[in-house]
Amino acid sequence: MNRQVQIFTTWALCVLTLVSGCKPTQPFFLSEDGNLFGKGDLSHYMDVATQIEYPDVNEPSLDEVCSARPPLTLSNAEDYEFMDVTLQEVTRITLANSKVIRQLGGRISDAGSNIANTTPITLTGNGVAVATSYDPALAESGNGTSTGSQYSGTGVEAALAEFDAKLDSSINWGYVDRPQNFGGGIIGSIFANEFRQDTGKGTLGITKTTASGGTLEFRNNTIYDLNNNGSRAQPSDWLTNFEAAFTQPLLQGAGTQYNRIAGPFSFQQSSSGFANQIDGVVIARIRHDITLTTFEQGIRDLMRDVEDAYWELYFTYRDLEARKIGRDSALETWRRIKSLGRVGAQGGEASNEAQARSQYFLFRSQAEAAQTNLFRVENRLRYMMGLAVSDGRLFRPIDEPTTAQVRFDWTTIHCEALARRSELRSQRWEVKKRELELIASRNHLLPRLDAVGRYRWLGAGDDLINSSGTGAPPFLDGSNAFEVLTTGNYQEWELGVQLSMPIGFRRAMVGVRHHQLLLARERSVLEDMELEVSHQLGDAVRDIDLNYATTQTHFNRRVAAIDEVDAVRTLFEVGNTTLDQLLDAQRRRSEADSAYYRSLVDYNRAIMRAHHRKGSLLEYNGVYLAEGPWPGKAYFDALRRARQRDASTYLDYGFTRPNVISRGPYGQITHQSVPITEIPTPVGEETPLENPADDQSAPAREEVIPTPDETDSTPPTTATSVHNNGLAALPAVEDNAFGTFGAMPANYQQQPLTGPAQAEPLVVPRYLPQAVAPLPEPSSAPNPYRTGQVDGNLESAVNDSDNPPALNPLRHPEPLRQAPLNWIREQPPSTANEAQANRTTAETSANSASR
């Protein structure tokens, strides 16, 4: 019967298996929500493991972001009001809004492209690597933990914490209840068969790591024991001791130099094979210095981009003006030819009218592109200043670019660049860091040999402490441990050495070789970096001379183009020339205007980049880097500590002083501050001394470095040039660390020129505008071909040949013949000798005092 049941069950299971197949099915749960064949509430079920989510962060946005207005375009070109700004004001606003150091990378203008290619993407592209004002503090406050940040290393305070005294304490209580296998008789009376014990142990100690790598320790140990063994004089007793111990490395890990470079390294770590990371106080300090240098580079590049954007904005105003003048001239010509065509006069032919109309729309498209480019460049300046994309104001530079000639003494600025470039200073810190790491790694070639010692005072008694001493010996009734300890009858000591060394020093040898290669690499990088800086400075000096010469050339080209337009227009009016010559002359005049201001702006940018290349750009812009204010409590505590040290007894620890790794604070200001009242009034009759060494009345120059409180943040408007021999020379715009600026006097007589004008240098303040017409506005009156004078549709403007569009006047038109340069129109030289004589210029060398 059982066999039949088994067979039936087997066949039933096989049939059910075949019927159901291999498809898996969900189980059935009696308590599941829903009907018998339905599913319950599965809202908690997640059918995906990964999805894009939004972080729960409520960080308020800047007002410049929330209140930004629509950007200025051609369609709303009248929706603004002008705000005149100086370069000094732009610099001040930029520094005030630069917790994050924004960069443009030298990409200011789109160079005529109809698509913006210079939109800032530095932060959105790689916001992690951007420099901020928090970076030096982050490097200083690093505690050695890994936070995924480039500043998560060990800071100076964290490295010093390795030498802090450490207090440790512990108290433990325990109870033991266990049977013991002891027989009767004498053994049974000494050791209890059922052992019961109450124990307590407490320890309190302080440990200090010394600068030489040793360890000092002072500790108290107290032990309580209560048990039922029959051999004890008292059922309970107290044992206490005070002990002083030391360990001092003698070979590996010994010395203040090693421990300040690599940090303390214990005997247990060395014997266990751990590698010291070489991240001590000195390395942490160098890392902080490198971060400071990187921060200085960021501020320097920020000032470079700000000044680039400022002068580029100046150029866009001038370029827009030139395009509008060309457009208006072309419109005037178109109207004149159209008038001639209406009366059937000569010159009013349809071909001439179409040619003039084409020229007009060409200039009109150039003016539209120039106005859009102005809005773009102004927006780049706004970005660098940390302002909104648009706020109803349009910035307009009021500082005029300098037209004075600047010449640097190559030997002086070359030495200055090698001493002041922050990249070289940062690389020198890297070299010093590798040198110190090599010193520490060589120490690992020594065996680990430590001297150890310990001295202990003991006491024992029935009680731990009793205020009324009995003088009883240990373990008698009434005895206490502390009273016995103070008698000094029980003392212990130990003294010895411990040694650990790997056979072969394989890891130590490869470590030394590795740091030797690191040092060789950093030195090679420093050498080639100096070579690169030298080439960069050479290009900067070359660019200054080139742009000064091209500025003069384009000025004369501009004057010639104006004369050509006047002459060709006169000839065209009397019918002695063709229309295409007049149109070409107008086009060349527009191009000459734009080229002149382009070269003038590039000349000023070349001066700025020369200071950038030689490391004096921050000083050139009057920017000084200093530590921010501490809380008032910090100053109070520092003063108290200083007064405490002053009142204490001085102990000379000169034998533990580390080697020199720094030459002291870096002087950010290299020139002597001269009050304005002490500057002599410049006179045109002054000339340099033929032999300045013969003048014994002029005192030698003393370099005075002002403190941050005494330093005026306003850039000097004028100063006195000083030569290497310390004698005062002609008044110049800036100190000789910046070069000597020379300009043409207003009463200079006209003569043929082929190079820079020959004149004595005059004072031309850098931050004060010269007598030049103000910058025009990009658009003031309603745009005629957008407001009904001409339909906004280009085709209707072309077809409406009977009504040419009206002029779009400027608010502040500039007379073309009013030039900011006091240069003389260049005339062709009569002879070769005269041409050679005209190329000779009066050169005033600008030598800067070395640091």
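Is Glu378 buried or exposed, and what is its relative accessible area? The close-ups below start there, in a predicted model where local features need pLDDT of at least 70, side-chain atom pairs count only at pLDDT 80 or more, and totals for chains, interfaces and linings use all residues. Residues are numbered from 1 along each chain as its sequence is written, and side-chain values use heavy atoms, with hydrogens and water left out.

**View 1. Glu378 in helix α11.** Glu378 is buried, at a relative accessible area of 2% (buried means under 20%, exposed over 50%, partly exposed in between, with a 1.4 Å probe and protein chains only). Its helix, α11, covers residues 350-385; helices are DSSP runs of H or I, at least four residues long, numbered from the N terminus. Leaving aside residues up to four places away in sequence, Glu378 touches Leu313, Arg393, Leu394 and Phe395, where contact means heavy atoms within 4.5 Å.

**View 2. Helix α3 against α11.** Here α3 (residues 87-96) packs on α11 at about 50°, and the axes lie 7 Å apart. Axes are lines fitted to C-alpha atoms, for helices over the stretch in contact, and angles run from 0 to 180 degrees between N-to-C directions. The two helices are therefore oblique to each other, since angles under 35 degrees count as roughly parallel, over 145 as roughly antiparallel, 65 to 115 as roughly perpendicular and the rest as oblique. Val90, Ile93 and Thr94 of α3 meet Leu381, Met384 and Met385 of α11. By class, this contact has 5 nonpolar residues, 1 polar and no charged (Ala, Val, Leu, Ile, Met, Phe, Trp, Tyr, Cys and Pro are nonpolar; Asp, Glu, Lys and Arg charged; the others, Gly among them, polar).

**View 3. The largest pocket.** About 1800 Å³ of space lies here, the volume being the space filled by probe spheres set on grid points joined across faces, edges and corners. On a 1 Å grid over the protein atoms alone, a pocket is an open set with protein on both sides within 12 Å along at least five of seven lines, a cavity is a set of points where a 1.4 Å probe fits but cannot get out, and lining residues have an atom within 4 Å of a point. Of the 40 lining residues, Asp289, Leu292, Glu296, Arg425 and Tyr666 lie nearest the centre. Helix α10 gives the most to this lining, with 8 residues.

**View 4. The second largest cavity.** This cavity holds about 120 Å³. Among its 13 lining residues, Glu296, Gly615, Ser616, Leu618 and Tyr666 lie nearest its centre.
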